[in-house]
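Hi everyone, thanks for coming. Let's get it up on the screen.

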Amino acid sequence: MADNGDDDNQYRIKEGDYVVLKRGEIFKAVQIQPRKKVIFEKQWIFLDNAVGQLYSTTFEILSGGNLKPHELKDSASPLDAVEAGTDNRNIVDDGKSQKLTRDDIEALKEKGLKGQDIIKKLVDNHATFGDKTEYSQVKYIKKKKKKYENTVMILKPSCRILAMMYHGREPGKICHLRYDTLAQMLTLANIHAGSKVLVFETCAGLVLGSIMERMGGYGSVIQMYPGGGPVRAGVESFGFPAHFHDTLHEFPICHVNALLAGTLDTSAKDPTAENTDEKQLNLAAEKEQNQPEAEEQGTPEEESMETNTGDDAGQDVEKTEKDKLKEAKAQVKKLRLEEKQRRLAATAALLKGRNADGLVIASRFHPCPVLLGLLKFLSPSRPFVVYSQYIEPLVECFKKLRECGGTVNLRLTDTWMRHYQVLPDRTHPLLLMSGGGGYLLSGTTVATDHSKPAGSKQAEEPAPKRQKLEDTEG
Amino acid sequence: MSFVEYSDFIQDGDVAILYLSHNNVMPVKVQQGAQTQTRYGVIRHSTDLIGQRYGSKVTCSKGWFHVLHPTPELWTVALPHRTQILYTTDIAFITMMLELKPGSIVCESGSGSLSHAILRTIAPTGHLHTVEFHQQRAEKVAEEFKEHRVDHLVTVRNQDVCKDGFGVTGVADAVFLDIPSPWDAVGHAKVAMKKHGGRLCSFSPCIEQVQKTCEALQDQGFEDISTTEVLLREHDVRTVSLPLPDFGPDPETTEEATPAAAPNHASITLKTTTLSREMPGHTGYLTFATKPRT
């Protein structure tokens, strides 16, 4: 066997871990924090008892909100020893078949009866359960299980789980990006370890995190962001190891033009100063930490000074303490700004070479200018993918790219996805399916041809022959 | 050049992709002194390819085209078909649903286009164990992996997965089955997978196969069993001109009506998309499941 006891450690839930709670098709991303109440499916839960357990364990939610690992009782299924009918010709849906009232069921719940037992009671008190067909009985039980089983599974986060979660819970936050569309993006953009990928997204960090997961901590990801700062809340939910964040960079798009024109002033400090900067940063931070302590206790001299030498001397001491604190804070702020500036310079250096390996865009911004602006940073023969909730902006992008040249293999696509119920003699697609998951425009960059004059040979490929209508390829 | 790492310049021994036109893509083994015939004329590797940048234009006697760096996606469109292959749409969905990423250990039966996509995703620290029961195909695919500089990431075994399994035990994070009788391989898949669990995917064109597979998965204790299909719709971007009808001069118009806008020439031009007359309607059903801790 390839596994041994030590391996188990990486599969155990730890305090501080980012996890995903699951019940049926409902997911929720949370962080394991001691004594913190978490709400999930209208229930308050404490996750403390999950610490130390293995991921993918199913827990029962006890009254009070604590968790207990769920023991699967292979005891009699509610269907044993129940006869079944052949069809529903005699079953009247009058709403009176179930003898237990809502209050009765609540009382059972309060008594602490387990989900499985509640269901048994429901079956026992159902007047026409025995008349239902076997399939109908199974369906009934399944439905009740969904309603009354009080369990939750704790999962390790992954792109798959988080993408499904966001799409089910908060699609507006991710521009209604359906998870299979996200899957297409990651593959079409050839996201892999070791590449340098540019990302522009307003999907709460889901796209960014998914890309980071597929890069495994190798290579670099540069998040181009609009406005004041990059939004990355979703990235946290992936629970990446710390070193992954070393590969993540950010760059404000308001500086893109300056960078392209070569006029961006990054005032980069020389590398030798870097170390001292960091040391100073640490020292100042330490000072800041020590300062409150010093204020509380005071050195013996200072204390005696305060008590013995009277008000004036005491005030002077206080003032110096305050000044010191102010200075230290200003120092930290200055160093933080310098650190930010240094990072900006480093990211600018990564971009300046215009040799990125991939570009992914998924935002509420009009994709056309974003794409045209950022394509310049890619090497030739590299893929790019643009997501849009709507098709028209991508049609514009398509046209613009055709006019400008420099790209091949342009495709405007969307995917259709359907789930199936697979049961013996009851296999069919599900009754409801997703109406749409957004659109993608993908392509590959090529070397831009500077020798040819603009007017000649526009079309990248011979025009398709099958047109009989009065339309023109453009 | 390799299928898992980009490089900038074409070198002797590389596999390059000639992008001749939309849906006309040709792989070529770059060799000093060799020549390749294309619809646009002959290209000479030594002058036209070697030393050139990937993405550059190559001009021939009858036209021009671009040379691209190979990717699994381009390979899927370009590769010589030996059996029915999986296309990018399914591959992308499978990759995400199996949670593949750098370091993943994967077992696969039925190698081909998916193998390259898997290798690209699990590199540099993962490994692919692929099983192919047809001897010639197994040899050919091993050769290809070497040419594509990914052989260090993959082990090819020529055996019958339904009888002899994948040849490994307790190591796989994910298993992919693309065989006629996947239900016979479910037990072997379970053995190949890690003790603490993993993901499985089975691709089958027929619903009966799906039913049998789901039953086998259930019997073997797999969870989260779900079956999905994904289809790609490609939109063709067009500029169309729609003529406007001529209802005769409008009796209610005043002098402002410009006689210059002659009604019989009026039309509206717009940019729009259309769908092809036919589109792929089915490739196969994808069944996913999770192996719990055993």
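I'll go through chain A, then chain B, and stop at a few spots along the way.

One thing to keep in mind: this is a predicted model.

Okay, chain A. We've got 13 helices and 16 strands here. How much of chain A is buried? Of its 474 residues, 42% count as buried. The accessible surface is about 26,100 Å², and carbon and sulfur atoms hold 50% of that. If you look at contacts in chain A with a separation of 6 or more, 70% come from residues 24 or more positions apart.

Now, the domains. The assignment for chain A gives two entries: domain 1 covers 102–145, and domain 2 is made of 166–264 plus 329–448. How far apart are the C-alpha centres of these two domains? They lie 48 Å apart.

Let me zoom in on helix 6 of chain A, residues 206–215. This one is mostly covered, with 10 of its 10 residues buried. That list includes A:L206, A:V207 and A:I211, and also A:E213 and A:R214.

Even with that, buried residues make up 52% of chain B. Its accessible surface comes to about 13,100 Å², with 51% belonging to carbon and sulfur atoms. As for contacts in chain B between residues at least 6 apart in sequence, 62% of them join residues at least 24 apart.

A quick word on charges: chain B has 26 positive and 34 negative ones, and their mean positions are 8 Å apart.

Last stop, B:V141. You'll find this valine in helix 5 of chain B, residues 135–147. Buried or exposed? B:V141 counts as buried, because its relative accessibility is 4% and the cut-off for buried is under 20%. From B:V141 to B:T130 we have 11 residues in sequence, and 9.9 Å in space, C-alpha to C-alpha.

That's my tour, so over to you for questions.

How values were computed:
Residues are numbered from 1 along each chain as its sequence is written. Chains are lettered from A and ligands numbered from 1 in the order in which they are written. This is a predicted model: local features need pLDDT of at least 70, side-chain atom pairs count only at pLDDT 80 or more; totals for chains, interfaces and linings use all residues. Side-chain values use heavy atoms; hydrogens and water are left out. Buried means under 20% relative accessible area, exposed over 50%, partly exposed in between (1.4 Å probe, protein chains only). Helices (H or I, at least four residues) and strands (E, at least two) are DSSP runs, numbered from the N terminus. Domain bounds come from an automatic or database domain assignment. Contact means heavy atoms within 4.5 Å. Accessible areas come from the Shrake-Rupley method with a 1.4 Å probe; for residues, only the protein chains shown count as cover. Lys and Arg count as positive and Asp and Glu as negative; His and the chain ends are not counted. The place of a charge is taken as NZ of Lys, CZ of Arg, CG of Asp or CD of Glu.
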